[in-house]
Amino acid sequence: MSAKKIALVTGTSSGFGLYTSIELAKKHYFVIATMRDLHKQNQLVAVAEENKVRDQIEILELDVTNKQQIPKVVNDIYERFGRLDVLVNNAGISFGGYVEETSVEDWELMMNTNFLGVVLLTTAVLPLMREQRNGKIINISSVSGSVGFPGYGAYSASKFALEGFSESLRLEMLPYGVEVILIEPGAYQTAIWDKSIDYIEYRKKENSPYQKPFSAILAFSKNITKKATDPQQLAKKIANIVESNRTKFRYPLGKGALVAIWGKALLPWKWFERIILQQLKK
Ligand SMILES: NC(=O)c1ccc[n+]([C@@H]2O[C@H](COP(=O)([O-])OP(=O)(O)OC[C@H]3O[C@@H](n4cnc5c(N)ncnc54)[C@H](OP(=O)(O)O)[C@@H]3O)[C@@H](O)[C@H]2O)c1
């Protein structure tokens with residue numbers, strides 16, 4: 001068994017995945033940083049070199065929707081290192097669209113990436129973590145895993161599913177020393193927003209009855225991205241949570257996360273929905 005602690009991170013070509021790999025490497029983890037397209041590794045390599053942790057990071061190909069690739073990556077870790085201390089289920093996509101206009105292909109793409117991908121990869125690592133009676137599984141959810149915003153039904157559904165899955169799994173695995181932790185970010189400045197807006201533009205429906213409210217939602221989203229927080233802050237927080245012996249289950253972090261989650265928990269639903277709809281009219 002390797003003497004070094006091993007971490008596996010998904011979706012490391014940009015954003016949280018990239019910076020979390022760096023922060024874990026800085027804390028002396030050996031990081032298997034995975035991405036679906038190895039042509040996109042330049043940024044990770046450059047940041048790793050800048051931080052002098054390149055030799056702590058190995059980059060592997062993994063598309064979390066690829067059912068054949070998942071066991072290969074996990075078996076490789078098992079055979080080479082004999083241990084896995086941390087899994088960060090980070091890979092994800094986002095796009096908006098009113099429910100009536102979201103195609104079945106888009107539902108499948110969202111659920112396969114943000115939910116089923118996590119289920120399959122997690123299931124693959126559980127035997128190893130259960131046997132070693134130790135491990136942390138960090139699932140990157142969202143404020144949208146607690147609050148369903150209009151125009152983001154598919155994204156919210158995928159993150160609500162992730163939350164329910166994580167709650168059950170946490171209770172199943174605590175007796176085996178394996179901790180499941182949810183990170184619930186608000187808005188952070190990553191590529192996901194531009195990718196989401198590009199996708200919406202590409203799938204745009206001509207003569208949509210929802211054009212006006214959906215445009216307002218998009219304008220609201222674009223405005224949020226301008227003020228969003230630096231993803232490196234979240235990555236540092238994740239690395240600290242990984243290292244800590246006293247962790248919680250849920251971490252709402254970043255702009256808007258606590259307000260939305262507590263607002264929903266404490267306010268009468270009628271008030272809460274009125275506030276959300278008013279925000280979107282501005
Ligand atoms: N940024 C925010 O404000 C925010 C807020 C709440 C939650 N989140 C969550 O944070 C996570 C990371 O997103 P981010 O904000 O860091 O955005 P990002 O920079 O776009 O990173 C997403 C990563 O996931 C990868 N990915 C997408 N589909 C994949 C697949 N099928 N297999 C493997 N990798 C895949 C992307 O790869 P490609 O480069 O190939 O697309 C990219 O590396 C996501 O789960 C997202 O839902 C983000």
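Buried here means under 20% relative accessible area. I70 comes in at 2%, so I logged I70 as buried. A reminder to myself: this is a predicted model.

**Entry 1, I70**

I looked up where I70 sits and found it in helix α3, residues 69-81. Next I asked: which residues does I70 touch, once those up to four places away in sequence are not counted? My list reads L62, V64, G117, L120, L121 and A124. I also checked I70 against P175: they are 105 residues apart in sequence, and their C-alpha atoms are 26 Å apart in space.

I searched for cavities of 30 Å³ or more and got one. The largest cavity has a volume of about 40 Å³. Its lining is made up of T10, V64, N89, N90, A91, T113, G117, V118 and L121. Which helix gives the most to that lining? I found that helix α4, residues 104-132, does, with four residues. Sorting the lining by class, I got five polar, four nonpolar and no charged residues. I noted V64, G117 and L121 in this lining, and I70 touches V64, G117 and L121 too.

I then went to S142, in the loop that runs between β5 (135-140) and α5 (153-173). Is S142 buried or exposed? Its relative accessible area is 6%, so I put S142 down as buried. A polar atom of the S142 side chain lies 2.9 Å from the backbone nitrogen of S144. Leaving aside neighbours within four places in sequence, I have S142 in contact with Y155, K159, E163, I183, E184 and P185.

Terms used
Residues are numbered from 1 along each chain as its sequence is written. This is a predicted model: local features need pLDDT of at least 70, side-chain atom pairs count only at pLDDT 80 or more; totals for chains, interfaces and linings use all residues. Side-chain values use heavy atoms; hydrogens and water are left out. Helices (H or I, at least four residues) and strands (E, at least two) are DSSP runs, numbered from the N terminus. Buried means under 20% relative accessible area, exposed over 50%, partly exposed in between (1.4 Å probe, protein chains only). A polar contact is a pair of N or O atoms within 3.5 Å; within protein, one must be able to donate a hydrogen and the other to accept it, and residues adjacent in sequence count only if both atoms are side-chain atoms. Contact means heavy atoms within 4.5 Å. On a 1 Å grid over the protein atoms alone, a cavity is a set of points where a 1.4 Å probe fits but cannot get out, and a pocket is an open set with protein on both sides within 12 Å along at least five of seven lines; lining residues have an atom within 4 Å of a point. Grid points are joined across faces, edges and corners, and a volume is the space filled by probe spheres set on the points. Ala, Val, Leu, Ile, Met, Phe, Trp, Tyr, Cys and Pro count as nonpolar, Asp, Glu, Lys and Arg as charged, and the others, Gly among them, as polar.
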